[in-house]
Amino acid sequence: MTKPKHHLFICSSVRASGEPQGICHKKQSMALLSYLQNEVRDRMLEGVEVAMTGCLNLCIRGPVMIDYPSGLWYQGINEGAIDAILDALEEGRVAEEYLIKE
Ligand code: FES
């Protein structure tokens, strides 16, 4: 595998203990991970990989998703947000409405 152009990580809320604690998993972030994986596959996006991550310590804005190597962080992730973010990614722009700017 080559380094992805966009590596999208959705917070699973998992802590070091292995237990999910926090907002993101309570707002179905694991189902959103599946949705994101399916969308990336259905859109046949080249160079886009998807993974989950532990708590990103920005729980109040969850579900949270980050994009590396761009370093963009997104908040309030739901299926509509994923659609908007992937649309923007395909068009070479950023989905500003979900972007964490501070
Ligand atoms: S649970 Fe997702 S940022 Fe903390």
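Read along the sequence, the protein chain follows the pattern β-α-α-β-β-β-α, with 3 helices and 4 strands in total (DSSP runs, numbered from the N terminus: helices are H or I of at least four residues, strands E of at least two). The model is a predicted one, in which local features need pLDDT of at least 70, side-chain atom pairs count only at pLDDT 80 or more, and totals for chains, interfaces and linings use all residues. Residues are numbered from 1 along each chain as its sequence is written.

Turning to the strands, S1 and S3 run antiparallel and are joined by 4 bridges (strands pair if DSSP finds at least two bridges between them). Here Leu-8 has Asp-67 in S3 as its bridge partner. S3 (residues 65-68) also runs antiparallel to S4 (residues 72-74), through 3 bridges, and Met-65 is partnered by Tyr-74 in S4. A hairpin is formed by S3 and S4, with 3 residues between them, and Gly-71 in the turn has a positive phi of about 80 degrees.

What of the interior? Of the 102 residues, 28% count as buried (20 or more other C-beta atoms within 10 Å of the residue's own, with C-beta atoms placed from the backbone). The largest nonpolar core holds 21 residues, and Ile-10, Leu-36, Val-64, Met-65 and Ile-77 have the most contacts inside it (such a core is a set of buried Ala, Val, Leu, Ile, Met, Phe, Trp, Tyr and Cys residues joined through C-beta atoms within 7 Å). Two or more residues come from each of strand S1 (6-11), helix H2 (29-42), strand S2 (48-53) and helix H3 (79-90).

Terms used
A residue is buried if 20 or more other C-beta atoms lie within 10 Å of its own, exposed if 12 or fewer, and partly exposed in between; C-beta atoms are placed from the backbone.
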